[in-house]
Amino acid sequence: MTDLEDGPGDSTGHSDDSAPRCLVTGATGYIGGRLVPALLDAGYRVRALARTPQKLRDYPWADRVEVVRGDVTDADSLAEAMRGVDVAYYLVHALGTGSTFEETDRRAARTFGEQARAAGVRRIVYLGGLTPAGVPEKDLSPHLRSRAEVGHLLLASKVPTAVLRAAIVIGSGSASFEMLRYLTERLPLMVTPSWVRTRIQPVAVRDVIRYLVGCAALPAGVNRAFDIGGPDVMTYRDMMQRYAAVAGLRPRVILPVPVLTPTLSSRWVGLVTPVPSSIARPLTESLRHEVVCREHDIKEYVPDPPEGTIGFDRALRLALQRIQEARVDTRWSNAAVPGAPSDPLPTDPDWAGGSLYRDEREVAVPVGPEALWRVIEGIGGENGWYSFPLAWAVRGWLDRLVGGVGLRRGRRDAQHLRVGDSLDFWRVEEIVPGELLRLRAEMRVPGLAWLELSVRRDERGRTVYGQRALFHPRGLFGHAYWWSVWPFHSVVFGGMARNIAEAAAAEEKRRGPVADRGREPVTDSGTDN
């Protein structure tokens, strides 16, 4: 990885069999997905641990790493994953998995340390949160308290450990950046919580990745925490005003008030930004106390570049440039939503039965498969869902009101998708270029839901658009939910099929025809059951 924002870009990009092997947990996440190519570029061998290895299939570096299935709470899978590993990166947390997430984090950290020691791993590297000076850990937010405890447990594992403690990470696609961006862009005048006056020391994602890579080569005797931050210390209010200036917006009118509780703050952030309240709450709770680095000892082992660490304004410019160029490698939403279904598609051989509702439609389209596929792969985000926009918007708002992700996560890339991408309130579960896009629902529903969009040729050589919505209800409420929305299917799903067919025709007209395609009138057949 050699771009300005996200990686060191100062090595060969190749590793040999004698190079140290790094195990990266959380490789599907925001930091992990950027660390892997940076380690490869620095000459390390990489093994990526994932609960669902399929999610890593379409990453550009996937064929350069070893991918293993496992979970940090499963000792057996960790033991296998750590065999022959020199450096193990701990980049996961259980936040959002329920009220017992602190216990889950505690158990996972202990298991990770024990298995690393048993496997002879020579170093653990952990990215945690910067904690405020003078505040007892018991008074911290559950999020920061748990991350601090994980650091203590790894440092006590008897494997040399480097704990990097960062406040707000600024980079294209990070949750902190997206929260800052949307609050500033959407609200020229805002009534804000009192934490906008809190001093913070943000750090650019490029510097975070540089520190993480550098820690792989720390001397064996180093077993400690390091504070990492950029050169600027400012309030969140200053950050919003600086963002407005860099983005070419007018100065914002910001009115802090003391009455917004953490719950209200997270709801406010969840309504205004794509970041759901379940993620916004730990972010906002972490801002209640001043989070400023107390030392910069890391530079003794991982020297700063000649020009110094990246300042806040430059980090913003780099992030905005990546967004404008549609080159966002990873996003905060890359990691699956806690509690989201990971069950197989009901039509898979592993499906064990149960009620299953379907809405299936096909449309013969007078265009080539290429034009139709471009429309399918470009669905969602700014392009929308090709039917009844108000209904989709209302569904997204309702989802956010009950703590779901809503419809505003958008897309990582405007034209291309890969397995594991978030797509509004869906997740890409499978993609076969030119043939199939399967999405798994991550909105709050009483059951499991999928949406499949496909392209095929029929026996007459015509291009056929296929659409399947599948719903496996959970309990009586799940059945009631399906039948309550069933009357809207002909409008939403029927309109979606017709409009995608029309969009494909317009796409082909814009780009010009390609030879060898059927030319039949558009026809629609749909079934609900």
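**Figure 1. G134 in the loop between β5 and α4.** G134 belongs to the loop that runs between β5 (123-129) and α4; helices (H or I, at least four residues) and strands (E, at least two) are DSSP runs, numbered from the N terminus. This is a predicted model, in which local features need pLDDT of at least 70 and side-chain atom pairs count only at pLDDT 80 or more, whereas totals for chains, interfaces and linings use all residues. Residues are numbered from 1 along each chain as its sequence is written, and side-chain values use heavy atoms, with hydrogens and water left out. With a relative accessible area of 82%, G134 is exposed; the term exposed stands for over 50% relative accessible area, buried for under 20% and partly exposed for values in between (1.4 Å probe, protein chains only). The C-alpha atoms of G134 and H289 are separated by 10.0 Å, and the two residues are 155 residues apart along the chain.

Figure 2. Most residues other than glycine have a negative phi, and most peptide bonds are trans. K158, a residue other than glycine, has a positive phi near 70 degrees. K158 is found in the loop between α4 (142-155) and β6 (161-166), and its relative accessible area of 63% makes it exposed. F388 also has a positive phi, near 40 degrees. The loop between α11 and α12 holds F388, which counts as partly exposed at 38% relative accessibility.

**Figure 3. The aromatic pair of W385 and W426.** The whole structure contains 14 aromatic pairs. Rings of Phe, Tyr and Trp (its six-membered ring) pair if their centres lie within 6.5 Å; planes under 30 degrees apart count as stacked, over 60 as edge-to-face and the rest as tilted. The pair formed by W385 and W426 is tilted, with 6.3 Å centre to centre and 45 degrees between the planes. W385 lies in the loop between α11 (369-377) and α12 (389-401), and W426 in strand β16 (residues 426-432), so the pair ties together parts that are 41 residues apart in sequence. Both W385 and W426 are buried.

**Figure 4. An aromatic cluster and two charges over rings.** Which residues form one aromatic cluster? The members are Y357, F471, Y481, W482, W483 and W486. Elsewhere, the view turns to charges over rings: a charge sits over a ring if NZ of Lys or CZ of Arg is within 6 Å of the ring centre and within 35 degrees of the ring normal. The charged end of R210 is placed over the ring of Y211, at 4.6 Å from the centre of that ring. R418 lies over the face of Y59, and here the distance from the ring centre is 4.0 Å.

Figure 5. Rolling a probe the size of a water molecule over the atoms shows where empty space is left. On a 1 Å grid over the protein atoms alone, a cavity is a set of points where a 1.4 Å probe fits but cannot get out, and lining residues have an atom within 4 Å of a point. The structure holds 1 cavity of 30 Å³ or more. The largest cavity has a volume of about 50 Å³, where volume is the space filled by probe spheres set on the points, and grid points are joined across faces, edges and corners. Among the lining residues are I170, P202, D232 and I310. At least two lining residues come from each of β10 (203-204) and α10 (312-324). The lining divides into 8 nonpolar, 2 polar and 1 charged residues; Ala, Val, Leu, Ile, Met, Phe, Trp, Tyr, Cys and Pro count as nonpolar, Asp, Glu, Lys and Arg as charged, and the others, Gly among them, as polar.

**Figure 6. The covered helix α5.** Helix α5 (residues 175-186) has 12 residues and spans 16 Å from its first C-alpha to its last, close to the 16 Å expected at 1.5 Å a residue. The expected span is 1.5 Å times one less than the number of residues. Of the 12 residues of α5, 10 are buried, and the helix is mostly covered. The buried residues include F177, E178, R181 and Y182.

Figure 7. A38 is part of helix α1 (residues 32-41) and is buried, with a relative accessible area of 1%. A38 and V213 are 175 residues apart along the chain, and their C-alpha atoms are separated by 7.1 Å. R411 is in the loop between α12 and β15 (422-423) and is buried at a relative accessible area of 13%. Between the C-alpha atoms of R411 and G381, 30 residues apart along the chain, the separation is 5.4 Å.

How values were computed:
On a 1 Å grid over the protein atoms alone, a cavity is a set of points where a 1.4 Å probe fits but cannot get out, and a pocket is an open set with protein on both sides within 12 Å along at least five of seven lines; lining residues have an atom within 4 Å of a point.
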